[in-house]
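Have the sequence and the 3D view open, and follow along as we go.

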Amino acid sequence: MTVLTRWEATLFIFRNSPGRSSPDLAWWDIIKWPSPSLSDYDAILNKSSKTEALSFVVGQSATVSYEKNVASGVPVGAVTDNLENVVNFEIGQGRYFSPFEYTSGSNVAVIGAEMAEKLFDDVNPIDKEIKISGRKVRVIGVFKKEGEGPVSLNNIDQLTVIPLNFGKNFINLRNRFIDSQLIIKARAEVSVQELSDEAVMILRAARRLRPAEPDNFSVNNATMLSKGFDAVFAGINIGGWLIGGFSILVGGFGIANIMFVSVRERTNMIGIQKALGAKRSFILQQFLAESVLLSVVGGILG
């Protein structure tokens, strides 16, 4: 199942995103911001007219085990329904949650491909029973392996996803600083800016912020998040060009030295060729062909 190709029409609401805060805000004020909560989720769900799909995600590290295989520090995501409509992923084996499993809080899970390899080796994980923080959970699906996953869920290959109503059993949702986020997908005719403006208005009202108070949450879209990496990639590109330039320079000196030694060692041969009527251009072409061959072979080996 492939979902959501319009990343540009999707919002991610975090407690705070590095580099996205106003420079006028002090860090000691920012760290007091509460994480997105179920109250925020309900406010947008009930009051937004520009939202097509909405999901609430809570993350927590946990120990996951199957028989004798144990994985510690596994990122577990407890999610509400509609995650499949706002996040781009594919199911490699099994299936995703049904509406009943969401609402009833069934003890089921969909795990990442790397988690399946760690816990089950070559065994088919579907319908096998694992333990998450000591609680029995049935595996109903495995995410298709894709490397670094969507921005909203970090590396989906290492993730274990469970219904939020089941996750409430061992995740403290009252913790103001829990690792949570809201993911909102706009309607087809709505721009991401319109959706952002509406979401900010609803959240400010839900959190009872006065007009003069700044937002105590961070609203991002995929474009905003990707811009944070632009400077990094620009630096990597510059570094690559510099390293490549130095490599060419050093390689050039190396080839020049080799050819200098080669010419000195073959002085007698060059004299015989000139005595037989060889022109300077012919001798020069010989050494140029040799240096080109050295460069090409070295480049291929490199």
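## A pocket to start with

How do the residues of the lining of the second largest pocket divide into nonpolar, polar and charged? The lining has 7 nonpolar, 4 polar and 4 charged residues. Keep in mind that what you're looking at is a predicted model.

That pocket holds about 280 Å³ of space. There are 15 residues lining it, and Ser35, Ser37, Leu38, Ser39 and Leu173 are the ones nearest its centre. Helix H2, which covers residues 38-47, gives the most to this lining, with 3 residues.

## The whole chain

Now zoom out. The protein chain comes to 10 helices and 10 strands. It has 302 residues, and 40% of them are buried.

Here's a number about how the chain meets itself. Take the contacts in the protein chain with a separation of 6 or more: 72% of them are between residues 24 or more positions apart.

Which residues are buried in H2? They are Asp40, Tyr41, Ala43 and Ile44. Looking down the axis of H2, you'd find its buried residues within an arc of 160°, so they line one face of the helix.

## Ala78, tucked into a strand

Next, find Ala78 in strand E3, which runs over residues 69-79. Is Ala78 buried or exposed? Its relative accessibility is 1%, and buried means under 20%, so Ala78 counts as buried.

Who's around it? Setting aside neighbours within four places in sequence, Ala78 is in contact with Phe56, Val57, Val58, Ile162, Pro163, Leu164, Gly167 and Ile171. Take Val58 from that list: Val58 and Ala78 are 20 residues apart along the chain, yet their C-alpha atoms are separated by 5.2 Å.

## Ser218 and its partner

Last stop: Ser218, which sits in strand E10 (residues 218-221). With a relative accessible area of 5%, Ser218 is buried. Which side chain does the side chain of Ser218 join in a polar contact? It's that of Asn220, and the contact is 3.1 Å.

Notes
Residues numbered from 1 in each chain as written. Predicted model: local features only at pLDDT ≥ 70, side-chain atom pairs only at ≥ 80, totals over all residues. Heavy atoms only, no water. 1 Å grid on protein atoms, 1.4 Å probe; cavity = no way out; pocket = protein on both sides within 12 Å on 5 of 7 lines; lining within 4 Å. Points joined across faces, edges and corners; volume = space filled by probe spheres on them. Helix = DSSP H or I, 4+ residues; strand = E, 2+ residues; numbered from the N terminus. Nonpolar A, V, L, I, M, F, W, Y, C, P; charged D, E, K, R; others polar. Buried < 20%, exposed > 50% of the residue type's maximum accessible area, 1.4 Å probe, protein only. Polar contact = N/O pair within 3.5 Å; in protein donor to acceptor, adjacent residues only side chain to side chain. Arc of directions from axis to C-beta. Contact = heavy atoms within 4.5 Å.
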